[in-house]
Amino acid sequence: SAQKILEAFERHGAEKVVILGDVLYHGPRNDLPLGYEPKRVIELLNRYSNKILAVRGNCDAEVDQMVLDFPILADYAFLQTDGLNILLTHGHVINKSSCAQLGRGDMLLHGHTHIPTAESFGEENYYINPGSASIPKENSPKSYIYYSNRSFKFFSLDGKKYKELAL
């Protein structure tokens, strides 16, 4: 999945890869994907270290940071682009029910549930979840989001767009 995400990154001509946590491990409740090779994932991601913005997931630890060449231990980050203020987090602590950091019209982008979502809430806020490239849930496709010009486009790993939120 990491290889396919990086291929999509190149294909779209994106500036950054945003990782919303659980970089190398997806927790004891999930089976690891068939053929999963964490050392290969480390190698692939480290090649893009200057293009990755990552936040800490509930399965990320200091030991993971020791092998990655980009920071992964921040609980959240803010990304400001195209007049949007986007809170990036994993979702296990900060989520729709606990996001005091958001102002009117701000966006919340998190993973954790592995379910692709784009919905409004709060005070003109949006919650967006890209789903999961490796362990999707609720029969959703392995997926990612590509953002450009105030539009969040949901793609399956085979490159097919299946949802869009344009602001």
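I began with strand 8 and strand 9 (residues 151–156), which run antiparallel and are joined by 6 bridges. In this predicted model, I kept in mind that local features need pLDDT of at least 70, side-chain atom pairs count only at pLDDT 80 or more, and totals for chains, interfaces and linings use all residues. Residues are numbered from 1 along each chain as its sequence is written, and side-chain values use heavy atoms, with hydrogens and water left out.

I found Ser143 opposite Ser156 in strand 9. Strands here are DSSP runs of E with at least two residues, helices are runs of H or I with at least four, and both are numbered from the N terminus. Two strands pair if DSSP finds at least two bridges between them.

Next I looked at the whole open sheet: 3 strands in the order 8-9-10, with antiparallel pairing. Its edges are strand 8 (143–148) and strand 10 (161–166), each pairing on one side only.

**Rings around this sheet**

I looked up Tyr147 and Phe152 and found a tilted aromatic pair, 4.8 Å centre to centre with 55° between the planes. Rings of Phe, Tyr and Trp (its six-membered ring) pair if their centres lie within 6.5 Å; planes under 30 degrees apart are stacked, over 60 edge-to-face, and the rest tilted.

Which of the two is buried? Phe152 is, at 2% relative accessible area, while Tyr147 is partly exposed at 22%. The cut-offs are under 20% for buried, over 50% for exposed and partly exposed in between (1.4 Å probe, protein chains only).

I also noted the charged end of Lys163 over the ring of Phe154, 5.3 Å from its centre. That label needs NZ of Lys or CZ of Arg within 6 Å of the ring centre and within 35 degrees of the ring normal.

**The nonpolar core**

I then turned to the largest nonpolar core, which has 17 residues; Leu45 and Phe70 are among those with the most contacts inside it. Such a core is a set of buried Ala, Val, Leu, Ile, Met, Phe, Trp, Tyr and Cys residues joined through side-chain atoms within 4.5 Å. Helix 2 gives the largest share, 4 residues.

What does Leu45 touch, leaving aside neighbours within four places in sequence? I listed Leu6, Ile19, Val23, Ile52 and Phe70 as its contacts, meaning heavy atoms within 4.5 Å.

My last stop was an open sheet of 5 strands, ordered 3-4-5-7-6 with mixed pairing. Its edge strands are strand 3 (76–81) and strand 6 (117–121). Strand 6 runs antiparallel to strand 7 (residues 125–129), with 5 bridges, and Ser120 has Tyr126 as its bridge partner there.
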